[in-house]
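Colleague: I'd like to go through the labels on this one with you. Let's have it on screen first.

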Amino acid sequence: MMSKKLDTKKLALSFILLSILNAIFSNLTVKTNRYLADVFLLIGSGFLFIGIFFAIFMVISLFKESQNQLLKSDLKSSYNKNVNNPLILQLKISFILQLTGLSYSGLVSTYIVWILHITDITSIDLIISFTLSFLLEIMTAILILPRLDPFRETRPGEIRIIKLHNFQGGITMGVLTLSRHSPFKSIIFMGDEDDSITRTIEAHELGHATEHHPIFLELSIIFLLSISYPLIWFGYIMHREVISTFLVIKTVLIILSVVIAILLFMRVAESRADAFAYKVIGKSAYENLVEALRRAYGENIKSAEDAPLWSKITHTSSRNAIKTGDPLSSIGIWEFPVVLSFIASTIAITRFNSIYIIYPLFFIGSLVISFLIGLVFLPFVRKYYRMTERGSLNFSFLLAGIYMISSIIALDAYPNLYLVISLFLTGIILAFIITKAFLDLHNSTKVVVATLLIYLSIIILISLIKILPHGG
Ligand SMILES: [Zn+2]
């Protein structure tokens, strides 16, 4: 308890210190570069917000602790049915995220418009508001969510299993927390029956919990909220006409990209949990899953394909991963190319001032390119991936898509070569981290090095073909 308080105090102080530093920078640059000064001022105010927040939190937690001493004796009896209702918990979490997202982005937008008197909203203003709302909301989520029941009684790093009577299926929930032991708290809600079906569900949910899928989901939902709400606020405060339609279309495209990326992430995460269940339970896992679906959705379910639409959208319809143990075997071959090309063309379009014709062109172009590059990768990826053919193909498309997106982001920084190189390196590190989730260290290194060399040679070849006719 003592160390936690100290951490909050340090955090509050360092954020306030950072805001003072930014204020100084802002003052230093105000004469030479008005714009940079504004940026410093904005970032500084963001840090100040966070610092004040931590300070308030520190006071609250001091006050609460003295109260808790009194309550400790009847803590157990306060456990009621609502506490262990996963649905109510989920509603509470989403309500808190929505409310904080709405209020933080409101604060940031009104600050930009009314206090800084910025009358023409540019991409930079939007990016600053997105970043500030995102940081503030994550801070709040870290501070509030782990204090909700029953996360409060869950130790950091623990995967707590709560068995409920008459509960079908399973739900894994996780939150980020501020602790030295572990930044995660996880809870699995599931039925209390003792049979092979329940054990299969437990194995699937343990797959989610050990890989922290709910945390990634929490972060991506916060990200989605912090890019959507500032736009709504700006539109509301500034009566729309000052924000160009073009900026709105761009932001809508970005929001759409994030939504489909989250959906694909969910499908991969569910397939990974299925593959995990296969490794624990073995061959009977699929039959047990179908029986679990039958219990949840009715007698007429004969295979995983008969599950309700929403379940098929989030969990894939074939659920092949629980039959093969290969997490990428249940993802359709068009999924990675389509989603990653959509993201790539959205990023590419941010540099242009017209969308209408260029966007579909970009999309189809990157779709074809990532598909072809993925096919070239396949023989090498297959050698190391060593699971199903579908899995190898999907993995090749995933890598091709990541390289393509990294190059587009890196090219945005042109002509600053250092920035281009460091952005592309970040992309390679990301590709490596993702590969590490599917293969061991040794094979990951080989796959990333091999595919990267192929990718770079293709790029160099294309540039040569483009340069040569012009006489170099
Ligand atoms: Zn699941």
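Colleague: What covers the buried residues of α12?

Modeller: The cover includes α11 (335–349), α13 (389–412) and α15 (441–467). This is a predicted model, where local features need pLDDT of at least 70, side-chain atom pairs count only at pLDDT 80 or more, and totals for chains, interfaces and linings use all residues. Residues are numbered from 1 along each chain as its sequence is written.

Colleague: Which residues of α12 are called buried?

Modeller: Among them are Phe362, Ser366, Ile373, Phe377 and Tyr385. A residue is buried if 20 or more other C-beta atoms, placed from the backbone, lie within 10 Å of its own.

Colleague: Why are α12 and α13 called oblique to each other?

Modeller: They pack at an angle of about 125°, with their axes 6 Å apart. Angles under 35 degrees count as roughly parallel, over 145 as roughly antiparallel, 65 to 115 as roughly perpendicular and the rest as oblique; α12 and α13 are therefore oblique. The contact (C-beta atoms, placed from the backbone, within 7 Å) includes Ser370 and Gly374 of α12 and Gly401 and Met404 of α13.

Colleague: Where does α12 kink?

Modeller: At leucine 378, by about 50°, shortly before proline 379. The bend is the angle between axes fitted to the seven residues ending there and the seven starting there.

Colleague: And the sheet: what makes β1 and β2 edge strands?

Modeller: The open sheet has 3 strands in the order β1-β3-β2. β1 (159–164) and β2 (170–176) each have a single partner strand, so one side of each lacks a neighbour in the sheet.

Colleague: How do you know that β1 pairs with β3?

Modeller: Pairing takes at least two bridges found by DSSP, and 6 join β1 to β3, running parallel.

Key. Helix = DSSP H or I, 4+ residues; strand = E, 2+ residues; numbered from the N terminus. Buried ≥ 20, exposed ≤ 12 C-beta atoms within 10 Å, placed from the backbone. Contact = placed C-beta atoms within 7 Å. Axes fitted to C-alpha atoms, helices over the stretch in contact; angles between N-to-C directions.
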